[in-house]
Amino acid sequence: MGKDGTEMGKKDALQQEETERGGKTNPGERGRKTNPEERDRKTNSEVKKEEAGGERKLQYSGKRYPDIKDEAPTVLRESDAAPDYYEDPYGLGKRQGTYTVDDYFTLPEDLRAELIDGWIYNMSAPRSAHGIVGYRISRAFDSYIETKHGKCIALDAAMNVQVDRTKWTMVQPDVLILCDPDKLKENKILGPPDLAVEILSPSTAIIDKTIKLKKYRESGVREYWIVDLDSREVFVYRFPDTGFDALPRRYTFRDKVPVGIFQGECEVDFAEIERYLKRFGLA
């Protein structure tokens with residue numbers, strides 16, 4: 001027994017030493033609570049597993065979009081445009097925040113949607129006034145460009161714009177001006193337009209005023225107009241002159257709004273647009 005006792009004694013001593021160094025837990029101490037020092041020695045995944053009762057909690061993925069609703073920006077949670085974060089609403093085997101341009105092009109053609117940083121946002125059908133105002137703005141842009149024989153083009157169709165040139169984003173500005181014809185591809189515009197206009201609708205207003213404002217600015221859009229049909233106001237951001245936190249230039253539907261990228265030579269007469277809307281009972 002002396003030999004066995006000596007070996008067992010050595011094992012007990014080694015186990016105790018490992019426990020003190022943060023190694024294997026002494027069998028006699030199983031079930032006791034973990035002290036703070038031992039907790040610090042554990043990896044984050046081990047601690048999270050313990051806290052979740054043996055099941056790993058959903059955590060931030062480390063990518064540039066959130067994985068779970070509690071970690072999503074408040075503006076996303078408040079928006080009606082974004083579907084549920086936990087579901088796979090499009091049957092693509094993915095979740096919000098992981099969609100790409102390839103996924104975007106597999107969506108049904110009758111679904112109006114935009115892709116921003118891996119998130120798909122539904123766009124409701126626009127109101128009649130929405131379409132009319134977009135057309136009149138585009139017509140004013142186009143008339144000026146034709147008069148000057150310029151190389152730019154004005155568009156008010158639902159044109160796909162891969163504004164930041166990444167696989168995570170594809171937007172559809174209500175109106176845009178593009179001055180670099182090389183960006184115009186067969187089924188999209190690759191890169192930022194020179195000017196983008198968004199006409200607010202109830203389902204997308206919060207996205208247009210926050211997420212898309214930031215996306216346009218960071219992608220290199222030179223000028224961004226937000227047209228609010230309810231308040232009859234136009235907010236004009238001119239980048240980089242207008243910092244993200246700076247207030248935009250504010251106009252009303254009584255004003256002529258100058259186009260900054262054309263040095264103010266082109267103006268959109270919103271008083272005339274208002275009269276046009278009134279003619280059809282839409283003002």
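**Close-up views of a predicted model**

View 1. Glu 265 is exposed, its relative accessible area being 52%; here exposed means over 50% relative accessible area, buried means under 20%, and partly exposed lies in between, with a 1.4 Å probe and protein chains only. The model is predicted, so local features need pLDDT of at least 70 and side-chain atom pairs count only at pLDDT 80 or more, whereas totals for chains, interfaces and linings use all residues. Residues are numbered from 1 along each chain as its sequence is written, and side-chain values use heavy atoms, with hydrogens and water left out. The side chain of Glu 265 meets that of Lys 148 in a salt bridge, with 3.8 Å from N to O. This pair links distant parts of the chain, 117 residues apart: Glu 265 is in the loop between β11 (256-258) and β12 (267-269), and Lys 148 is in helix α6. Helices (H or I, at least four residues) and strands (E, at least two) are DSSP runs, numbered from the N terminus. Lys 148 has 48% relative accessibility and therefore counts as partly exposed. A salt bridge is defined as a side-chain nitrogen of Lys or Arg within 4 Å of a carboxyl oxygen of Asp or Glu, and the structure holds 14 of these salt bridges.

**View 2. A salt bridge between Asp 164 and Lys 215.** The side chains of Asp 164 and Lys 215 meet in a salt bridge at 2.9 Å, N to O. Asp 164 lies in the loop between β4 (161-162) and β5, and Lys 215 lies in helix α8 (residues 211-219), so the pair ties together parts that are 51 residues apart in sequence. Asp 164 counts as buried because its relative accessibility is 19%, and Lys 215 is buried at 9%. In α8, the buried residues are Ile 211, Lys 212, Leu 213, Lys 215, Tyr 216 and Ser 219. Gly 220 follows α8 and has a positive phi, near 110°.

View 3. Arg 250 and Glu 233 meet through their side chains in a salt bridge of 2.4 Å, N to O. Arg 250 belongs to strand β10 (residues 249-252) and Glu 233 to strand β9 (residues 233-238); the pair links distant parts of the chain, 17 residues apart. Glu 233 has a relative accessibility of 13% and so counts as buried. Elsewhere, salt bridges that share partners join Glu 114, Glu 198, Asp 208 and Lys 212 into one network.

**View 4. The disulfide of Cys 152 and Cys 179.** Cys 152 is joined to Cys 179 by a disulfide, with 1.9 Å from S to S. A disulfide is a pair of cysteine sulfur atoms within 2.5 Å, and by this rule the count is one disulfide. Cys 152 lies in the loop between α6 (128-148) and β3 (153-155), and Cys 179 in the loop between β5 (175-178) and β6 (189-190), so the pair ties together parts that are 27 residues apart in sequence. The disulfide of Cys 152 and Cys 179 is right-handed, because the torsion about its S-S bond is about 100°. Both Cys 152 and Cys 179 are buried.

**View 5. Strand β5 and its partners.** Two strands pair if DSSP finds at least two bridges between them. β3 and β5 run antiparallel and are joined by three bridges; Ile 153 has Leu 178 in β5 as its bridge partner. β5 is also joined by three bridges to strand β7 (residues 195-199), and these two run antiparallel; Leu 176 has Ala 196 in β7 as its bridge partner. From β5, Val 175 and Ile 177 point one way, Leu 176 and Leu 178 point the other way, and all are buried.

View 6. On a 1 Å grid over the protein atoms alone, a cavity is a set of points where a 1.4 Å probe fits but cannot get out, and lining residues have an atom within 4 Å of a point. Grid points are joined across faces, edges and corners, and a volume is the space filled by probe spheres set on the points. The structure holds two cavities of 30 Å³ or more, and the largest cavity has a volume of about 120 Å³. Its lining consists of 14 residues, of which Met 123, His 130, Asp 174, Ser 201 and Thr 204 lie nearest its centre. By class, three of the lining residues are nonpolar, five are polar and six are charged; Ala, Val, Leu, Ile, Met, Phe, Trp, Tyr, Cys and Pro count as nonpolar, Asp, Glu, Lys and Arg as charged, and the others, Gly among them, as polar.

Conventions:
On a 1 Å grid over the protein atoms alone, a cavity is a set of points where a 1.4 Å probe fits but cannot get out, and a pocket is an open set with protein on both sides within 12 Å along at least five of seven lines; lining residues have an atom within 4 Å of a point.
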